[in-house]
Amino acid sequence: MSRAALSVASECVPLVKTGGLADVAGALPGALAGQGWRLRTLIPGYQPVLQRLRGRGEAVWQTADLFGGPARLIAAEAAGLDLLVLDAPHLYNRGGSIYLGPDGLDWPDNAERYAALSRAAAEVAAGALEGWRPEVVHLHDWQAALAAPYIRAQGSGGPGVLMTIHNVAFKGDMPAARRHALGLPEDGFTPEGYEFWGGICALKAGLVYADAISTVSPTYARELTTPAFGMGLEGVIAKRSDDLYGILNGIDTRIWSPSGDVHAPRFSRPAGKAKARRALAEEFGLTPGDGPLCVVISRLTAQKGIDLALAALPRLLAAGGSLAVLGSGEAWLEQALLAAARGSDRVGVRIGYDEGLSHRMFAGGDAVLVPSRFEPCGLTQMYGLRYGAIPVVARTGGLADTVIDANDAGLRAGAATGLMHAPGDAGALGAALERLCALHARPEVWARMQRNAMKHPVGWEEAAADYAALYARLAERAA
Ligand code: ADP
């Protein structure tokens, strides 16, 4: 008999995704099923989610008023996931981005939208669903974090609560006055509770009231306790270091499979990449020559170090490399990338979000660049490994935990899988790109790195075992 856990997330692959959080939320249930845990995943009923259900599913809980309108939980299976969808039209039935209004700013009622998700999680935790009660509630990022104080306020005997930080940069700050309307316990509005610089910080509430905290790589777990990375929450996190875990994400190796990809030319050995590379160059209108064809698939933000890649680009091009970029984000970065590509047959840029193209880029690219200033885990370097697209990464967070640098020791041991450089430093990135081009010109060394990369374990097996062990500890403590 499997044990019951509730995973609560604001996005989940393949239903709705803006970033890596969705990949993780979508993969965890499958990964943990093999460890004896049945996860149900609670997500908001955004338009595309409800469209996907097409009226299927069954209402298993309802209320006349959830922060300004009626709401119900629909239990449904979709895409192999056991879902609880929070149908609350006044909060989620709107077009556009899930987090941002048409003006590009956060929806003004995001506090209520995600407090509602959290409130629904707390109801399920308290036994609102007939015949099903989770032993563990797993909260992802600030959007689910208020469930921790709501569950705590229900008193003892509830489930164990795990708060996972996918990115501490998104904290869920809300005006202090909202705490009454959100039903947050008044005695928690203190520096030891959910108060943060005079306002409410949803993520802090999760960090304070959860039974354990995890984040998505061991290095980021350490970094989070320092001022350079903790974004003001380092003290709160450091105080809980006995309950802090770093568990490296995996990737879905069925979807991300060079030999079984539905979007890209297939291959099973590095030599087979040539066809995918030709197709990619053609798709971007590039003539990459013999140098490495590098790819970037990313949100275009300062966090991701896209400005650093632009600054280092001349050195890549001078060393014989070329670059294809897929992403969207901050306007100045989009403009600068488009300007760099104008008139060039060795720089190509696509602004937008395109899942299929991202697959073809990992398949056809010789290298994938991830020059992030900070990176909780990072997924694209793992896709790169899987497809033999050598990752060139900043030495930070999960990037530092996944790549073995092609330094002298790494090469001599025949273990190298990629290249690392100091984070936040365009000069160091430029040097790494020149090193990349030099390695690419040595076919035997390059082929060895590609083989190592493609063999490097990137699936969910290890993480699933770690999460299962943590769930079991939490359930025991809660009992
Ligand atoms: P983050 O969650 O910080 O954005 P991650 O590396 O953890 O970064 O996850 C990003 C995910 O989004 C990866 O699956 C990546 O392939 C995907 N992605 C990012 N930008 C695009 C894009 N423009 N088109 C397609 N996929 C993208």
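Biologist: Which residues is S118 in contact with, leaving aside its neighbours within four places in sequence?

Modeller: Start with the idea: contact means heavy atoms within 4.5 Å. On that basis, S118 is in contact with Q143, A144, A145, L146, A147 and Y150. Keep in mind that this is a predicted model, where local features need pLDDT of at least 70, side-chain atom pairs count only at pLDDT 80 or more, and totals for chains, interfaces and linings use all residues. Residues are numbered from 1 along each chain as its sequence is written, and side-chain values use heavy atoms, with hydrogens and water left out.

Biologist: In which helix is the place of S118?

Modeller: Helices are DSSP runs of H or I with at least four residues, strands are E runs of at least two, and both are numbered from the N terminus. S118 sits in α4, residues 110-125.

Biologist: Does S118 count as buried or exposed, and why?

Modeller: Buried means under 20% relative accessible area, exposed means over 50%, and partly exposed is in between, with a 1.4 Å probe and protein chains only. S118 counts as buried because its relative accessibility is 0%.

Biologist: On to the ligand. How many residues surround it, and which are the closest?

Modeller: A residue is near a molecule if one of its heavy atoms lies within 4 Å of it. The ligand has 18 residues around it, the closest being K17, G20, R299, K304 and G352.

Biologist: What is the polar and charged make-up of that shell?

Modeller: First the classes: Ala, Val, Leu, Ile, Met, Phe, Trp, Tyr, Cys and Pro count as nonpolar, Asp, Glu, Lys and Arg as charged, and the others, Gly among them, as polar. The shell divides into eight polar, five charged and five nonpolar residues.

Biologist: Which polar atoms lie 3.4 Å, 3.0 Å and 3.3 Å from ligand oxygen atoms?

Modeller: At 3.4 Å there is a polar side-chain atom of D23. At 3.0 Å there is a polar backbone atom of L379. At 3.3 Å there is a polar side-chain atom of Y383. As for cover, the ligand taken alone exposes 560 Å², and the protein buries 92% of that. Such areas come from the Shrake-Rupley method with a 1.4 Å probe; for residues, only the protein chains shown count as cover.

Biologist: Which elements give two or more residues to the shell?

Modeller: They are α1 (20-33), β13 (293-300), β14 (322-329) and α16 (380-386). The largest share, three residues, is from β13.

Biologist: Where does G352 lie?

Modeller: G352 is in the loop between β15 (347-351) and α15 (355-364). It counts as partly exposed because its relative accessibility is 22%. Beyond its neighbours within four places in sequence, G352 is in contact with L326, G327 and S328. G352 and S328 are 24 residues apart in sequence, yet their C-alpha atoms are 5.1 Å apart.

Biologist: How many disulfides does a search of the whole structure find?

Modeller: A disulfide is a covalent bond between the sulfur atoms of two cysteines. The cut-off is a pair of cysteine sulfur atoms within 2.5 Å. The search finds zero. For C12, the nearest cysteine sulfur is that of C377, 17 Å away. C12 counts as buried because its relative accessibility is 0%. For C437, the nearest is that of C294, 6.4 Å away. C437 is likewise buried, at 8%.

Biologist: Now the backbone. Which residues does a cis peptide bond join?

Modeller: V13 and P14, with omega about 5°. P14 is in the loop between β1 (3-8) and α1.

Biologist: Where does F67 lie, and what is its phi near?

Modeller: F67 is in the loop between β3 (58-63) and β4 (71-78). Its phi is near 55°, a positive value in a residue other than glycine. F67 counts as partly exposed, at 21% relative accessibility. A79 also has a positive phi, about 55°, and is not a glycine. A79 lies in the loop between β4 and β5 (81-87).

Note on methods. A polar contact is a pair of N or O atoms within 3.5 Å; within protein, one must be able to donate a hydrogen and the other to accept it, and residues adjacent in sequence count only if both atoms are side-chain atoms.
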